[in-house]
Amino acid sequence: MKIVQPDQVEFSAASIHREGATFRQQLFDGPTAVDNFSLVIARAGARFSPRHRHSFEQYRYQLEGDAEYGKTGTLKQGMLGYFPEGMHYGPQTQSADGKEQTVLALQCGGASGSGYVSRDEQLACAKELKTMGTFKDGVFHRNPGLPGKKNLDGSQAIWEHIMKKELVYPKPRYAAPIFMHPENFDWVALKDAPGVSEKFMGMFSERETGASFIKIEPGARYTPAGNRDIYCVLSGNGSIGPESYQYSTSVFLDHGDHGDQAAFTAQDATEILHFSLPDLSEIQTV
Amino acid sequence: MLGYYPEGMHYGPQLPAEEGMDCAVLVLQCGGASGCGYVNRGEVLAGAKELQTMGEFKDGVFYRNEGLPGKKNVEGSQAIWEHIMKRDLEYPKPRYAAPILTHPDSFDWIAVKGETGVFKKQVGSFTERQTGAGFLKLEPKAQYTVTGNRDIFFVVSGTGSVETVDGSNPYSHATSIFLDRGEALSITATEATEILNFRLPDLTGLSGLMGIQAHA
């Protein structure tokens, strides 16, 4: 079990390989692995990334403003998007008109077992690649005379540089990213948990990546049983085990984390975004 | 491919298949999470026949005859619903931005724990009432027992037998089984078998917009 409080993590400059100024608060990240994941709150003004895809999965919850993903659609404030591995999306364009947007982004190794490279390692690698070429409009252009592909998507260039092999994208399971309107889902009371309701958004892929919202009424208690789950507080105050929670307190519950230590008790009305990470227990290597 | 078309969500237009390119589709339609319910197909057909005496259906739209009360031009399916229910149809707000089209061949089979020769591919589960779809694969001679929760099983390929409280029956392509809550089904494959499994949404406690209670 891990708990991160918002005041423990500063906002810092995010990626080098994408255009625009993005600042991120890195709530979770871990060493590169099949089942690695990161959770960040990212703020961006002007931003551009070309139409691209990843070998990992993403959920993006739009906290403030709208994010434009070209023909993929617009993720408006309050919407949740699931971006499956291997699936093209974008281009993402955000004009420099002073309209900032803030997104809560979960990225994790997906059902194919392609894994997820830690964000710190991605950043370090992008710095290294900058000595061998330039990133422009989200594409890495390698300097003439150096071995390796000339022009390729920035994120792919980083992956291939770290893993020292060609990236083979998983075949997409869905025809498009899945954008959801959480306000159009109804709350369903949880059995045996008075004052606690859930909005189940969906469960995707054969490894069952999932997302839902949890609502806890003042004084009510919610005791989840961990199975590689992430909880991020969207509103409200209360306690989680021995610690207090507030907006953006984030909790990771591993297999078997449960009981009083993992119980949320609401002081005032609370809403939490919950992600179930895919079950990759039988997949060992990237 | 397998498509999930959520309630309240626009789709189409659906264009006719090219000449000589017949297509066949397995379609499940059911009352959704909003509780708007589902009018049975027999009643829909009877409603359409009745409406034909009051106007005409053309290109999927119902055009009411001049002088008759009611909306002039309404989408055909909506016209039938409103004729049967005797009120305006209020579409639920869509929960997703688009229908969800899936490529089942891109999903991997996952061995079912504790079973030999039985595999699953969960394709997805949607809405707060958890409408789901997935595939089940049995190798020859494999046996699998499942307890229903308003599930539909459709045999895509293979042969074998199924056993329920009503006895044992052979299965083959297109054999379809509805398993209500708590009902048990035992499947024994003679040949390699693939089954499409739909999980109907859990509408317990929902009286909804139709003003009728869900099946308990």
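Analyst: The questions that follow start with a whole chain and then turn to its parts. This is a predicted model, in which local features need pLDDT of at least 70, side-chain atom pairs count only at pLDDT 80 or more, and totals for chains, interfaces and linings use all residues. Residues are numbered from 1 along each chain as its sequence is written, while chains are lettered from A and ligands numbered from 1 in the order in which they are written.

User: How many helices and strands does chain A have?
Analyst: Helices (H or I, at least four residues) and strands (E, at least two) are DSSP runs, numbered from the N terminus. Counted in this way, chain A has 2 helices and 24 strands.

User: What is the radius of gyration of chain A?
Analyst: This radius is taken over C-alpha atoms, and the globule rule used beside it is 2.2 Å times the number of residues to the power 0.38. For 286 residues the rule gives 19 Å, and the value for chain A is close to that, so the chain is as compact as a globular protein of that length. Its C-alpha trace spans about 65 × 45 × 35 Å along the principal axes, and its radius of gyration is 19 Å.

User: What percentage of the residues in chain A is buried?
Analyst: A residue is buried if 20 or more other C-beta atoms lie within 10 Å of its own, exposed if 12 or fewer, and partly exposed in between, with C-beta atoms placed from the backbone. Applied to the 286 residues in chain A, this gives a buried share of 44%.

User: At what angle do the axes of H1(A) and H2(A) cross?
Analyst: Axes are lines fitted to C-alpha atoms, for helices over the stretch in contact, and angles run from 0 to 180 degrees between N-to-C directions; angles under 35 degrees count as roughly parallel, over 145 as roughly antiparallel, 65 to 115 as roughly perpendicular and the rest as oblique. The axes of H1(A) (residues 119-129) and H2(A) (residues 154-163) come within 9 Å, and the two helices are therefore roughly perpendicular to each other. Their contact (C-beta atoms, placed from the backbone, within 7 Å) includes Cys125(A) from H1(A) and Ile158(A) from H2(A). The crossing angle is roughly 95°.

User: Which residues of H2(B) are buried?
Analyst: H2(B) covers residues 76-85 of chain B, and what covers its buried residues includes helix H1 (41-52), strand S3 (61-64) and strand S4 (73-75) of chain B. Just after this helix, Lys86(B) takes a positive phi of about 60°. The buried residues in H2(B) are Ala79(B), Ile80(B) and Trp81(B).

User: Which strands of chain B does H2(B) touch when it packs on the sheet?
Analyst: The sheet is open and has 3 strands with antiparallel pairing, where two strands pair if DSSP finds at least two bridges between them. S3(B) and S4(B) pair over 3 bridges, and Val61(B) stands opposite Glu75(B). The direction of H2(B) makes about 100° with that of S4(B), and the helix touches S2, S3 and S4 of chain B.

User: Which residue stands opposite Thr134(A) in S12(A)?
Analyst: S11(A) (residues 133-136) and S12(A) (residues 139-142) pair in the antiparallel sense over 4 bridges. They form a hairpin with 2 residues between them, and Asp137(A) in the turn has a positive phi of about 50°. Opposite Thr134(A) stands His141(A).

User: Which strand gives the largest share of the side of chain A that touches chain B?
Analyst: The contact takes 24 residues from chain A and 23 from chain B. On the side of chain A, the elements that give two or more residues are S14 (178-180) and S16 (196-204) of chain A. The largest share, 5 residues, comes from S16(A).

User: Which residue of S7(B) stands opposite Met203(A)?
Analyst: S16(A) and S7(B) (residues 118-126) pair in the antiparallel sense over 3 bridges. Opposite Met203(A) stands Ser125(B).

User: Is Ile283(A) buried or partly exposed?
Analyst: Ile283(A) is found in the segment after strand S24 (270-276) of chain A, and, leaving aside its neighbours within four places in sequence, it is in contact with Val34(A) and Gly113(A). With 19 C-beta neighbours inside 10 Å, Ile283(A) counts as partly exposed.

Methods. Contact = placed C-beta atoms within 7 Å.
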